[in-house]
Every structure is written in structure tokens, then in C-alpha cells.
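User: I'm new to this one and would like a close look at a single part, the nonpolar core. Could you walk me through what is in there and what surrounds it?

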Amino acid sequence: MKVTSNPSLQAENSNRLQRRLRSRQLTMIAIGGSIGTGLFVASGNSIHTAGPGGALLAYLAVGFMVYFLMTSLGEMAAFLPVSGSFSTYSSRFVDPALGFAMGWNYWYNWAITIAAELSAATLVMKFWFPHSSSFLWSALFLALMIGLNLLSVKGYGESEYWFSLIKVITVIVFIAAGLLMIFGIIGGQKIGFQNWQIGDAPFHGGWLAALSVFMVAGFSFQGTEVIGVAAGESENPRVNIPKAVRQVFWRILLFYVLAIFVISLLIPYTDPRLVDSSVENIGVSPFTIVFEKAGLAFAASVMNAVILTAVLSAGNSGMYAATRILWYMAKEGQAPRFLAKVNAKGIPVNALIVTSLVGATAFLASVFGDGTVYVWLLNASGLSGFIAWLGIAISHYRFRKAYLAQGRDLRDLPYVAKWYPFGPIFAFVLCIIVIAGQNYGAFTGDHIDWYGILVSYIGLPLFLLLWLGYKWVKKTRIVPLSECRFDEGDAV
């Protein structure tokens with residue numbers, strides 16, 4: 001292959017990412033982004049809280065919301081595949097100030113999440129090595145995440161493909177074993193729907209309990225939107241993005257809804273072990289309980305390894321997404337310029353280093369002292385994912401309106417989201433409900449819990465400060481539909 005010696009072309013390429021993500025990798029990034037501790041661990045407590053019917057209903061509702069969000073994101077990302085994703089779409093189709101706030105909100109969310117995943121990984125390792133050093137494990141896993149992201153975008157895509165494949169295989173085996181137990185093929189006793197008929201099942205705790213599970217389900221699905229960031233480095237985004245989006249909904253139904261349905265049939269919601277489900281206590285993960293009932297030896301150790309994979313996968317994806325968002329914002333002049341530099345492999349190294357340092361600092365804040373700083377940082381990032389989803393819904397609503405207002409033909413879009421405008425409006429309303437109900441308990445007690453309200457909703461004023469502050473300084477305005485940009489000149 002002939003190598004160019006044109007200095008101007010080399011200078012241009014030195015500031016660009018490389019389209020190296022293949023179709024299978026992009027699909028697994030979308031699938032793997034939503035499979036993690038939310039399914040393997042938190043699902044048990046969800047069933048205990050709202051009963052089998054309440055938990056299933058909550059996850060179904062959130063699953064549909066995520067489907068609409070993914071179709072909205074797919075329509076924009078296939079036509080305009082940029083690594084800035086939510087920041088870019090918000091800037092172009094709504095308001096540059098909103099794009100600025102969206103970018104920093106999403107970067108901050110994943111940078112702090114890296115610290116959370118490091119903490120979770122060390123807890124998982126304590127299962128095998130109870131007296132080992134937490135600092136040692138966190139340093140090792142942080143180095144692994146940085147290394148995978150430094151290799152190349154293809155290296156990140158390949159590692160995420162295998163991480164996700166392990167999780168997918170685990171869920172498939174779990175569902176298969178569970179169904180065999182339900183029909184009495186394994187275990188010798190047909191279980192059927194008997195656990196849906198005990199106590200006040202299937203809906204335990206009423207609508208407020210289902211609402212609380214709705215919040216948990218929302219957090220569980222976060223990460224599916226990383227495909228929007230990855231679009232900027234996809235080999236053929238006009239083909240690969242639609243393909244990945246079409247598969248996401250069915251994977252969500254299979255992996256989440258069917259898995260929770262199996263758990264609810266096999267384990268009564270009154271089982272006290274479901275309450276204790278946590279990363280620290282893998283012995284009572286609902287997956288572990290079912291595997292042990294099926295007579296599979298070493299279930300706890302196997303699930304511990306799978307959960308470690310899920311944690312590392314989340315950290316790996318978080319590092320990738322945060323780095324790309326920070327790089328794009330620097331490229332657009334919304335972050336320090338030195339962060340826009342990429343190496344010969346197309347990796348934004350400076351953005352990667354800064355993101356890693358922030359994640360490591362937040363982790364150290366959780367280790368030293370009483371961890372108060374870390375708890376506040378984590379709480380501040382709690383709403384960030386839902387805010388990003390809100391941005392996707394709003395941007396797509398405006399994207400389609402601007403597209404048609406400028407006389408463009410929908411047939412020219414690589415992918416057209418179905419159910420517009422119902423899809424983005426439905427997703428918008430549900431995201432608002434989730435954000436507003438983060439800590440509804442603080443308002444419903446005998447006395448209003450002001451500290452609980454502050455801790456739960458701190459992320460909202462921080463986002464508004466970024467948005468309105470930038471708007472005031474730069475004097476931005478809502479972009480008229482006729483002026484929305486659809487050019488692809490800065491796609492990577």
C-alpha cells in the first residue's frame with residue numbers, strides 16, 4: 001500500500017481517529033454495554049422489592065424506553081457518525097450550550113464510573129484473596145484498562161467483544177438451565193408459576209415499589225448508548241450502526257426480561273438471600289442461587305469470574321467513551337486544545353491520560369479518609385446517564401424536524417427510526433420520571449430529608465450550571481431548524 005508523504009495530509013490525519021471497529025465488535029459493544037452487575041447482582045433485590053410482576057414490568061418499560069433511545073441514536077449516528085455523539089447532536093440541533101453541558105456531563109459520568117468499577121473489582125477479588133491489597137488490584141486493573149485503550153481502537157473493540165461474549169454465554173446458559181428446572185427436566189420437580197402466587201405476588205409493595213425498581217432498571221441499562229460514541233470509529237457506520245441498533249432490542253428482551261422472568265419463577269421474592277445480593281457477597285447472587293439449585297458445582301466461583309468480567313468491561317467501555325468525548329470537545333474548542341492530540345494509531349492519548357488520572361484520583365478518595373468525597377462524586381454522577389438519554393431524545397426530535405424543514409428526503413437516511421415522534425417523546429417522559437423520582441422517599445416520610453434530597457439530586461444543578469453558564473458567557477441561542485448543520489466534514 002502506498003504511503004502518502006504529503007505534509008498537510010499527515011497533519012490533518014494526526015488529529016483524526018481511525019475507523020477500525022468492525023460490525024461484530026460494534027454489535028457486542030451495544031449488547032455488552034447493558035449487561036453487567038445490574039443483571040447479575042441487582043436483579044435479585046429488584047424482585048424482592050416489587051415482586052416478580054413488578055420487577056418484570058419495570059424492566060420491560062425501561063427496555064422499551066432504551067429501544068426507542070437506541071433507534072433515535074441510530075438514526076442520527078448512521079447519518080452523522082461522530083465521536084462527539086450526544087454533545088455534537090445537542091449542539092447542532094438544539095443549542096451549543098446544551099451540547100457543551102452534555103459533553104462534560106457524559107465525560108464526568110464515565111470518569112467517576114471508572115473509579116466505581118475499580119472499587120467493585122477489588123471487592124470481587126477479595127472473594128478469592130480476602131487478605132490481599134485493594135490498592136494492588138485497583139492499580140493492576142487500571143493499568144489493564146489503559147493498556148487495552150492504548151493498543152488501538154481495534155484492540156479496544158476486540159477486548160470488548162470477548163468481554164461481552166463471556167457475559168452473553170453466561171446469560172444463555174443461565175436461561176437454558178433455568179427453563180429446564182422450571183419444567184422439571186432438571187431437579188425432578190416442576191416449578192411452574194407457584195412462586196408468583198405466594199404472599200401478595202406478583203405485585204409486591206404497590207406502584208411505589210415498582211417505581212423504585214424502575215430507577216434500578218434504568219441504571220442497569222446505561223451503557224447501551226456507547227454505540228453512539230463508537231460510531232465515529234466504525235468501519236462502515238451507514239451499515240454497521242443500523243445493524244447493531246436492530247439487534248439491541250431483542251437482546252435486551254432476551255438477556256434482561258427473560259433472565260428476570262426465570263429468576264422470579266425459581267426463587268420466591270420472599271427469599272432473604274435476594275436482599276443481600278451485592279458485589280461483596282457473590283454467594284447470594286440470584287444467578288449463583290439458580291446455578292446451585294441446578295446442581296452446577298463451583299457456581300459462586302464461576303459467577304465471581306463473570307462479574308469480574310462485567311466490571312472490567314464497564315470500566316473498559318467507560319474509559320473509551322470518556323476519552324472520545326473529551327477528545328471531541330477539545331477538537332471543538334470546548335476543552336483544552338492539548339486534549340485533541342492523537343497518536344499514530346489514532347488514539348487520543350492526552351485525553352486518555354487525563355481521564356485515567358481523574359478516575360484514579362476519585363478511587364483514591366474512596367480508599368483514604370472516610371470516603372465522603374468519593375460518595376459525593378459518585379452521587380453527582382448518578383443522574384448523568386439519564387441526562388444523556390434526555391439529550392438523545394431531544395436531539396432526535398429536533399434532528400428529524402430540521403431534516404424535513406430543510407427539504408431533505410427520509411429515504412436518503414441510512415436508518416429511519418420507527419414510531420417517530422412517539423419514540424423520542426416516550427423516552428423523554430420516562431427519563432423525566434426517573435430523574436424526578438430518584439429519591440421520592442425523601443419527600444414522603446414524616447419529615448422531608450433535605451440531606452437525602454441534596455445527595456440524590458446534586459447532579460442536576462451541576463448540569464444546569466454548565467448549561468446556563470456556557471449560555472450566558474457565549475450568548476448562545478436555540479438553533480433555528482433552517483440553520484441546523486448536517487454536514488459530515490468533521491465526522492471523525
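Analyst: The largest nonpolar core in this predicted model has 152 residues. Phe40, Tyr106, Phe174, Phe287 and Trp389 are the ones with the most contacts inside that core. As for where its residues come from, helix α13, residues 299-331, supplies the largest share, 18 residues.

Let's zoom in on Phe287. Setting aside residues up to four places away in sequence, Phe287 touches Leu39, Phe40, Val171, Phe174, Ala259, Ile263 and Met303. Two of those names, Phe40 and Phe174, are also on the list of residues with the most contacts inside the core.

Now back to α13 itself. This helix runs for 33 residues and spans 48 Å from its first C-alpha to its last, close to the 48 Å you'd expect at 1.5 Å a residue. Of its 33 residues, 28 are buried, so α13 is largely enclosed by the rest of the structure. Just after the helix comes Gly333, with a positive phi of about 80°.

One last thing, on cysteines: searching the whole structure turns up 0 disulfides. Cys431 is buried at a relative accessible area of 0%, and Cys484 also counts as buried, at 4% relative accessibility.

Note on methods
Residues are numbered from 1 along each chain as its sequence is written. This is a predicted model: local features need pLDDT of at least 70, side-chain atom pairs count only at pLDDT 80 or more; totals for chains, interfaces and linings use all residues. Side-chain values use heavy atoms; hydrogens and water are left out. A nonpolar core is a set of buried Ala, Val, Leu, Ile, Met, Phe, Trp, Tyr and Cys residues joined through side-chain atoms within 4.5 Å. Buried means under 20% relative accessible area, exposed over 50%, partly exposed in between (1.4 Å probe, protein chains only). Helices (H or I, at least four residues) and strands (E, at least two) are DSSP runs, numbered from the N terminus. Contact means heavy atoms within 4.5 Å. A disulfide is a pair of cysteine sulfur atoms within 2.5 Å. The expected span of a helix is 1.5 Å times one less than its number of residues.
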